[in-house]
Amino acid sequence: MSYLDNVNSPKDIKKLSIKELEALCGEIRELMIDTVSKTGGHLASNLGVVELTVALHKVFDSPVDQIVFDVGHQCYTHKILTGRKDRFSTLRTENGISGFTRPDESVHDIFSSGHSSTSISSAVGLASAKAIKGEKGKVIAVIGDGALTGGLAYEALNNCGNENDNLIVILNDNNMSISANVGSMAKNLNHIRTSPKYYTFKSKVSRALSKIPKIGTQISRFITLTNQKIRKIVYHSTLFEDLGFRYYGPIDGHDLDALIDVLTVAKAHNHSVLIHINTVKGKGYNYAEKNPSLFHGIGKFNIETGEPLSSGETFSSCFGKTLVDMAQKDDRICAVTAAMSSGTGLNDFANKFPKRFFDVGIAEQHAVTFSSGLAKNGMIPFFAVYSTFLQRSYDQLIHDVAMQRLKVIFCIDRAGFVGEDGESHQGVFDTAYLMSVPNLTVFAPSSFDELGKMMYNAAYKENNAVAIRYPRGSQGTQCPDYTYEGKDFDIIGNESNSKCIVTYGREFSSCYEAMLEANNAFIVKLNKIKPISKSVFSHFKNVNDIYFFEEGIKSGGVGEVFASMLAQSGVKSDFHHICVNDEFIKQASVQSQLSKYSLDKQGVINVLNEEN
């Protein structure tokens, strides 16, 4: 690592030549592949932006020039170049560096960015504040990895235009549906326009014309209008220029020379600029180039073979298989995803039922309202979505689904703790906002068998919208004497005990293991967490202490609703709520997170044995 060893801040790459920078890019890729193979992470997209990030730090002066990454998981090279190289081995580990941009890690990280399509909005705000305060520096929004399929990005584009002369938007196009300019004329013109010499000449001509009395300004305006018309004839995509940007592209995102030239031109502009670059996801690692979806977000893997080190049945794969089985028997079954077909287990469904599979891009709001349209006209849509991303479509869930009494089935993946992805991705908030939505039923399976049965019940036994929330990964320990038969709740253990555990979802496994060992409590297992059946409260007549264990946020969560109903029922038992308090959950393994909040087996035992 002869070059990387000497890079401890962006200043260290300023004097490097193109050949030296290319060698540096190779070393960065080596470090990245080696690290992610051990920690897991977003590899393919990061391999694709190595040259771009190096060129950005070569041309601009962070943090005076503010770089906003969208999605924030494209920031690995940025982290390596901004003083975190020596800690890069701790990527996504407990007390290590985050897999996303984090301002509390470095002044070079402007925003925490775990969700998509936010960078342009943030950048417009940053640029406007700079303009008001008269501060120096450009603001650069790096948007890509499908983020331009999100509606928020277009709202932001519509709001910026030529008023922000310190704003630069870089569209990292890694196989998105944006058509490239066609023909040698476009390529040659683009090469000329991105030449610093051309831009300098153009500026001198403009200044000279402005000094000519009376007619100089008119001539300059005529040239500008003529220039715009020529560009519209030659370039097929004029959306960005129509929105007020100076558009450059597409540029080869792996050509450092071209990138540095166009960024230098953009830096000198006194006008909003959009640079369109083409990159290859997984660049430099053959397995990631061939299968970028697998290496988008991957766990630990074997560098030599590209094979993941963990495999097996998961809730996601179980969901996908069950939905295929249902769709084979019922042609009303549809699957909807927001750019997460692989992560949610829908690849097989997409292949077998392409006319009933809809990937709408990173557009969760549209996905929900689109699903409501499917439901209105007689289809049964299953919208598979990560818990953290469902947050973005809360209004649509209320207004376009629940209020309309339409049967859209929300299959909420990654519910509860998700581990190393950290604060922006923990699925602990959905219960709190789902509990407040009328005309919505919420199921919480703790096993693959329960998930399949609940999907069937959602489609054929419920009249309105349904949410089914399940965790990342595989099922835990199961009770051999228990079978889910569609009841709202089940009693497990000896009801003569004076202590009762109430829980749902994945947490049931920890509670069941603890019950067997502690031998001083029985369990009320909630299968349907909304609405909570009032009949459950008849089982607490001889109970002194009720312990509600919940892998979710306290405020507004299931436990709080349960406690309120408990009080109204007249039960006098002492109530103890073990859950996540008013805080965001930092990155760590799921097991570590469960332990921290007393939600693993030992934590449950300790709580049960505490003196009250």
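## The chain as a whole

A contact here means heavy atoms within 4.5 Å. Take the contacts in the protein chain between residues at least 6 apart in sequence: 75% of them join residues at least 24 apart. The model is predicted.

The protein chain holds 23 helices and 17 strands. Of its 612 residues, 56% are buried. The chain exposes about 26,000 Å². Carbon and sulfur atoms supply 50% of that area.

## Helix 21: span and end

Helix 21 covers residues 558-569, twelve residues in total. From first C-alpha to last, helix 21 reaches 16 Å. That is close to the 16 Å expected at 1.5 Å a residue. Gly570 follows helix 21. The phi of Gly570 is positive, near 90 degrees.

Five names mark the buried side. Val558, Gly559, Phe562, Met565 and Leu566 are buried in helix 21. They span an arc of only 125 degrees around the axis, so they lie on the same side of helix 21. The general rule is simple: an α-helix has 3.6 residues a turn, so residues three or four places apart point the same way.

The face turned away from the buried side carries Ala567 and Gln568. Both of these residues are exposed.

## Packing partners

Conventions
Residues are numbered from 1 along each chain as its sequence is written. This is a predicted model: local features need pLDDT of at least 70, side-chain atom pairs count only at pLDDT 80 or more; totals for chains, interfaces and linings use all residues. Side-chain values use heavy atoms; hydrogens and water are left out. Helices (H or I, at least four residues) and strands (E, at least two) are DSSP runs, numbered from the N terminus. The expected span of a helix is 1.5 Å times one less than its number of residues. Buried means under 20% relative accessible area, exposed over 50%, partly exposed in between (1.4 Å probe, protein chains only). The arc is that of the directions from the helix axis to the C-beta atoms. Accessible areas come from the Shrake-Rupley method with a 1.4 Å probe; for residues, only the protein chains shown count as cover.
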